[in-house]
Every structure is written in C-alpha cells, then in structure tokens.
Amino acid sequence: MARTLYHNALIFTANGEDGEEWAQALVVDDARIAFAGSEDDARAAAEGADTVDLGGRLVVPGFVDAHTHLLMTGEALGKVELTDARSLQEIQNRLRAAREAEPAKARVLGRGWLFDSVPGGEPTAAMIDAAVADVPVYLDANDYHSCWVNTAALAELGITRETPDPIGGRIERDAEGNATGMLYETAAQHFVWTHLASVTSDAERDAAIDRTFEAYLGAGVTGAVDMALDEVSLATLERAVERHGGALPLRVAAHWFIDNTGDDAQNIAQVERAAELAARLTNPSLRVVGVKFIIDGVIDACTAAMNKPYADHSNAEPIWPLERLKPALAAADAAGLQAALHAIGDAASDIALDAIEHAIEVNGDRPRRHRIEHLEYAAPGTARRMAELGVIASMQPVHTDAAVRANWDAMLGDDRVNRGFAWPEYEEAGALLAFSTDAPTAPYGAFPNLYVATTRKSALDASYDAVQPELALPLARALGHATRDAAASVGDGATHGRLAEGYAADFVVVDVNPFDEGDESLLKTSVVETVVAGRSVYTAGE
C-alpha cells in the first residue's frame, strides 16, 4: 500500500456541519484518504510515508459537475464560439473567417449565440446565407434548445413546407409556410443532432471526448454526471474506457435520455433499456444511475412551460405532459433508477413533482433520489415541496451570468424576474442543492461558476452589474454545493466530495486563495494540480 502525506496546505474539507471544515494536511493510502487534520497529527499518522509539500496553497475537494454533457462539450470545443459575438455583424464575420480558414470542410458548425445578439431576436437562414451560403451552417443556441441554420442546411436536412413539427418541437415558418432557419426544442434534436451524428466518425467523437477529459481535469473536475446519455455517447465512453486502460480519467455517472414518443409502451421500453445498462455497466468510472426527462424548454426562447404567459402573451406546452410522464417515471422509480427532470418553468416543475408523487403512490415506500434540473423560475413553495419529497435541486449558477441575463428577464417581463435562480430558497427549505455547469450550454470552468454563485455578477464581462445580489451565496456554501452535494446528488455522498477519512482521494490544489483574497479573485484562480483516486492526473505547465 502506497502512503503519501500532503502537508503545508490550507485544506477546505467541505465537511460543513458534519465535521471540521478546515485541515492542514492529508494522509492518502492508495486511492483513499486515511487522515485529514492538523500537520502534527498527520505526521504522526503517516510515519515513513512519502511526503508532498504543497507550499501553503489552498486545497479543495475535486469538483463534481452534477449536470453536464461530456461528448457535446468536447464537440463544442471544436466549434465556432459565438457567445461573445454580440451583434449580427460579428456573428457573420466569425462564420466567414471559419469558412475561409477551412475551405475543405463540408459544414460550418458554431455554438453559443444569444437571442439578443440578433436583430429582433428572430434569426433567419438569410442572415447566415449573407456570410456563408455554399455549405450547410449549423449554429447551436447558447442553451442548446434551438438551432439556427442556413438555407443549405435546410436542404441537407430535407426540411420542406410539408415537413411536420415533431412532438415537443417547432420548425419556425414564415407566412407562406416556408422554414425560416430556426429549429426549436425537439426539432433541433430530431433533425440537426440526428443528422450530424450520422456524418460524424467514431474517431472524431473519440477526439472530442478526450478534449473534454483534458479540459475538465485542468479545471479541477474529478467527477461528472452526464445528463442525456444515448447509444452514440455510450459507445464513445466505452471506447474511452478501453483506450484509457480500463477506467475513465474521471468518474462518470450517467442518466439515459428518454424521448417522449407519445406512446407509453415505447417510452417505458426506453426506461427498460436504462435499467439494463444500470445492471450491465459495473466499471466504477462509468455507470448509468438514472433516466433523463426534458419536460419543457427554456425561458430565453419562450419554450419553457409557465403557469403565467410570457411578456409577449405566449406560452409553451410541456414536452412531457403529466399523463405521459406519470407511467414512464413510475416505471423508472420501480426499477430503482434516479429520475432527473429538466424543468425550467414553474408549470414544468409542478408537473415533475406531481409525477414523483404519483410514483410514490404507485410504488410505495422505497429508497429513491429523484432530481429536478435547472429550476430557473419556480413558484413559491416549490422548494419546500421538494424538501418534503426528498427531491434534489440541481442548478447551474453560470446560467444567470449577468452578461446573458437580460433576454431572460425580458421574456418574463414582470416581477417573476425577482425570483430567478433562487438558490437560498432550497437551502432554507432543507432540499439538497447541487451545483453544476450544464456544459456546453455554459462554460465548464468550476471557478467562474463559483464566481457567479458568490457575486451574481458576470464571469464573461466585468462591465455588468450584479443581478439580484441578495441571492448570492457565501463561498464555503457554494463550494460545498459544487463538491460534497454534487457527489451526493448521485448517491456518492458517503464516498466522494469531501476530504475526510475514508473518502476518495480526489482533490485540487489551486494557486489563489479566494477565501483570503475575496470572491473577485475567483476569476483569476487556476488549478496547480488535480488528483483523482490518489493519482496526480493534471499538473499546470505539463
């Protein structure tokens, strides 16, 4: 057994109310922590051990990104970045430059554009055609719930006046019924994502997933919850297990994506596939823990299901109405699978909780750990109801970055904006609150995410004022939600997410101590070293 003493450090253990929150040294036996405490006690416990002097630096538990999309993140890292392109002209300039830089490519792929960067918030194929018309162009919106395409892409997808809207999606059309270039919700998934998957090679996907692993380890992320696993991404991850010597570089717990087909039997068959995978995948670094239901869309595109209309008097129907969700979720609950329910609007979170209550009635008293994802706007009382049902709040601070918040506010246009992303409500109600990034819908960096959580400012553009600063969280609490509670959100609370005896030796050494230097320093904090299961997997500069 290899024993190592890590000393001369300031160690945030994330023990919270359960124990001492700070330590000076760690003793690691192979992949586990044998001791966390004072320097003197650690030396006594580690006689004869190898020693590592951390130079007085801050050490925190490894981050667990509790809601992310690993393959999509790696693919996004290879696309034209448009989030900070804040005008149509800039978007067009970047598309032209990308086309000129790689003229042999069959398509131009971009990501991250914002609705309020486009005139009137209404993108059209003609706007892209003005920059690139000779090859198909596919531009994922910042939230990945819609896709903006050019005329060549519409032709490649075979979308015509006669093409019907899929369940839960919409092909935007003009007064004559012609597609304008915007595909919302499941229309983007069924047409664009399916087509691009068919023309992407396994080698390209392998390169993308390795880009994600490299980026995450460099950001101090030691565990991730892949939120919408499908056959393609599963095969990619299984190849990665083989390629990396039998284990992924970081721990992955996944939720299998369930598509609402409109037919209960087909929906339940997808749940049964998830149960098969949960039983088959025994590698500790890759497991299926549950299923994912996307109940609604997003507020920025007015596709989230709300109890009260948007500012333009429109509203959206849920992708999973309650009568379809009930049997599918009850089947998942009966199989012991964790249900993760995307619910951004308050009508959607009501549907999610009603379906969970139905599963409890049908299946009786049994262990369960269901989650609601995002909760960007939830009605008063939702947090308390979740706590009473033991439902986890999975939220992403970076989604309320002040630089991207204006359109969200404008779509609601009333006092609902004052309760957006209300993290303290869930703490006060006693619900488990797990933080994540939802990459690639937002930057994957752990420290910028914490910056937004602790300041309600922008990690993208310092010129923006804080939005609802009264809802910001102290750093220790935010960090606990991104480590300890994120691990607990998939059942790993007794083994990961803290720096305490018996826990996995997953930790991060950083170059700045924001506890001393203040929340603003989170924007300049970077990782010196990342350790996973007692093994150094990233060192800055190497």
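No salt bridges are counted between domain 1 and domain 2, so let us start with what does join them in this predicted model. Across that interface, three residue pairs are in polar contact, with both partners at pLDDT 80 or more.

**Where the two domains meet**

The chain is divided into domain 1, covering 84-141 + 145-199, and domain 2, covering 202-532. Their centres, taken over C-alpha atoms, are 27 Å apart. At the interface, 15 residues of domain 1 are in contact with 23 residues of domain 2.

The size of an interface is often given as the accessible area lost when the parts come together. For domain 1 and domain 2 this buried area is about 1300 Å², and 57% of it lies on carbon and sulfur atoms. Which three residues supply more of the area that domain 1 buries against domain 2 than any other three? They are His-145, Ile-167 and Glu-185, with 33% of that area.

Strand 14 (179-185) and helix 6 (186-198) each supply at least two residues of the side facing domain 2. Helix 6 gives the most, with four residues. Sorted by class, this side of domain 1 has six nonpolar, five polar and four charged residues.

**Pairs within the structure**

Although the domain interface has zero salt bridges, the structure holds 36 salt bridges. Side chains of opposite charge can pair when their charged atoms come close. One of the salt bridges joins Arg-94 and Asp-84. Arg-94 belongs to helix 3 (residues 88-101), while Asp-84 sits in the loop between strand 9 (80-81) and helix 3, 10 residues apart from its partner.

Aromatic rings pair up here too, with a count of 11 aromatic pairs. A pair of aromatic rings is described by the distance of the centres and the angle of the planes. Why is the pair of Tyr-6 and Phe-507 edge-to-face? Their planes are at 80°, and edge-to-face applies to planes over 60 degrees apart. This pair links distant parts of the chain: Tyr-6 is in strand 1 (residues 3-7) and Phe-507 in strand 22 (residues 507-510), 501 residues apart.

Here are the two pairs side by side.

| Pair | Kind | Distance |
|---|---|---|
| Arg-94 and Asp-84 | salt bridge | 2.7 Å between the closest N and O atoms |
| Tyr-6 and Phe-507 | edge-to-face aromatic pair | 5.0 Å between ring centres |

**Two backbone details**

Two loops have backbone features to look at. In the loop between strand 21 (433-435) and helix 15 (446-455) you will find Pro-440. The peptide bond leading from Ala-439 to Pro-440 is cis, and its omega is near 10°.

The other is Asn-8, placed in the loop between strand 1 and strand 2 (10-12). Asn-8 is not a glycine, yet it has a positive phi of about 55°.

Technical notes
Residues numbered from 1 in each chain as written. Predicted model: local features only at pLDDT ≥ 70, side-chain atom pairs only at ≥ 80, totals over all residues. Heavy atoms only, no water. Domains from an automatic or database assignment. Contact = heavy atoms within 4.5 Å. Buried area = accessible area lost by both parts, 1.4 Å probe. Salt bridge = Lys/Arg side-chain N within 4 Å of Asp/Glu carboxyl O. Polar contact = N/O pair within 3.5 Å; in protein donor to acceptor, adjacent residues only side chain to side chain. Nonpolar A, V, L, I, M, F, W, Y, C, P; charged D, E, K, R; others polar. Phe/Tyr/Trp six-rings, centres within 6.5 Å; stacked < 30°, edge-to-face > 60°.
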